[in-house]
Amino acid sequence: MKLKIRDQLFRIWYWYVNKVDRKAEILFMNYGFHGEEQDTNEELQSPDRFSIQLYDHLATAIDLKGLDVVEIGSGRGGGLFHVKQKHAPASAQGIELDKRAVNFCNTHYKDGNLTFSQGDAQSLKLEDESSDVVLNVESSHRYQDMATFLKETERVLRPGGHLLLTDFRYDHEMDDFKQLIAKSGLQVVREKNINREVLAALNLDDQRKRKLVKKLVPAFLHKVALNFAGTIGSTTYKNLESGKYVYFSYVLKKQDLQ
């Protein structure tokens with residue numbers, strides 16, 4: 001029941017952001033990533049740099065140049081647009097359940113090899129073995145059937161293709177999650193706990209997020225919005241800090257043809 005309630009709350013929040021952000025001030029909705037080796041000079045980097053760094057944490061795991069990339073749960077499109085611009089895949093397709101977000105992306109981003117369409121992560125309207133890479137960033141916690149998503153991902157990947165996945169779960173859910181990965185037929189190439197890097201990003205991005213919440217959200221919803229944003233002191237932040245939430249990243253590979 002806890003997962004279903006959380007799923008409903010996240011869906012409502014994403015719907016609300018897509019409704020109120022008419023000036024495209026929110027292009028990313030992930031908690032971000034910041035490693036010790038990364039620069040913090042604000043004058044040299046995008047306001048969205050921490051969310052971008054989470055995408056780069058995944059996208060640099062393999063060479064995406066010339067590959068066909070699909071992002072499942074593409075949201076407001078900022079991450080896939082960045083991947084297309086920086087990592088030079090042959091094509092980039094975003095699949096998103098929220099129609100309002102899809103319409104926003106197709107209006108906001110102009111790139112012939114970057115497209116967005118509405119779809120369900122657990123019932124993908126993609127052909128078998130049609131993609132080299134599937135990206136999934138902070139989206140899978142909303143899926144009712146993770147096993148079906150993994151099965152669908154394995155289906156649409158070409159032999160030797162990769163699923164690049166990052167998200168969070170409650171600590172007590174991790175054993176079941178890892179069992180689903182083991183049963184998926186996808187090989188674990190890399191597995192990391194990135195709570196420390198996500199918390200570093202939340203700390204550094206705290207004031208910007210608070211300003212956006214104050215600007216876009218009615219006062220009576222500030223506490224809820226600040227929690228979804230993972231601001232310092234929120235329940236989300238405390239859960240990541242204590243380890244009650246486990247934020248992970250995976251590089252998974254589909255078996256090559258023999």
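This is a predicted model: local features need pLDDT of at least 70, side-chain atom pairs count only at pLDDT 80 or more; totals for chains, interfaces and linings use all residues.
User: At roughly what angle do the axes of helix H7 (residues 195-204) and helix H10 (residues 235-242) cross?

Analyst: Residues are numbered from 1 along each chain as its sequence is written, and side-chain values use heavy atoms, with hydrogens and water left out. Helices (H or I, at least four residues) and strands (E, at least two) are DSSP runs numbered from the N terminus. Axes are lines fitted to C-alpha atoms, for helices over the stretch in contact, with angles from 0 to 180 degrees between N-to-C directions. Here the axes of H7 and H10 cross at roughly 145 degrees and come within 9 Å.

User: Which residues make that contact?

Analyst: Contact means heavy atoms within 4.5 Å. H7 contributes Asn195, Val198, Leu199, Leu202 and Asn203, while H10 brings Tyr237, Leu240 and Glu241. Ala, Val, Leu, Ile, Met, Phe, Trp, Tyr, Cys and Pro count as nonpolar, Asp, Glu, Lys and Arg as charged, and the others, Gly among them, as polar. By that scheme the contact of H7 with H10 has 5 nonpolar, 2 polar and 1 charged residues.

User: Is the crossing of H7 past H10 left-handed or right-handed?

Analyst: A crossing is left-handed if the near helix is turned anticlockwise from the far one by less than a right angle, and right-handed if clockwise. H7 passes H10 in a left-handed crossing. Helix H8 (residues 206-216) and helix H9 (residues 222-229) also have axes crossing at roughly 145 degrees, coming within 10 Å, but H8 passes H9 in a right-handed crossing.

User: Now the strands: how many bridges join S5 to strand S7 (residues 245-254)?

Analyst: Two strands pair if DSSP finds at least two bridges between them. S5 and S7 run antiparallel and are joined by 9 bridges, and Leu164 has Val251 in S7 as its bridge partner. Strand S4 (residues 131-137) pairs with S5 in the parallel sense over 6 bridges. The chain goes from S4 through helix H5 (residues 146-156) to S5 in a right-handed β-α-β crossover; that is, with the strands pointing away from the viewer, the path from the first strand over the helix to the second runs clockwise.

User: Why is strand S5 described as largely enclosed?

Analyst: Buried means under 20% relative accessible area, exposed over 50%, and partly exposed in between (1.4 Å probe, protein chains only). In S5 (residues 157-170), 12 of the 14 residues are buried, so the strand is largely enclosed by the rest of the structure.
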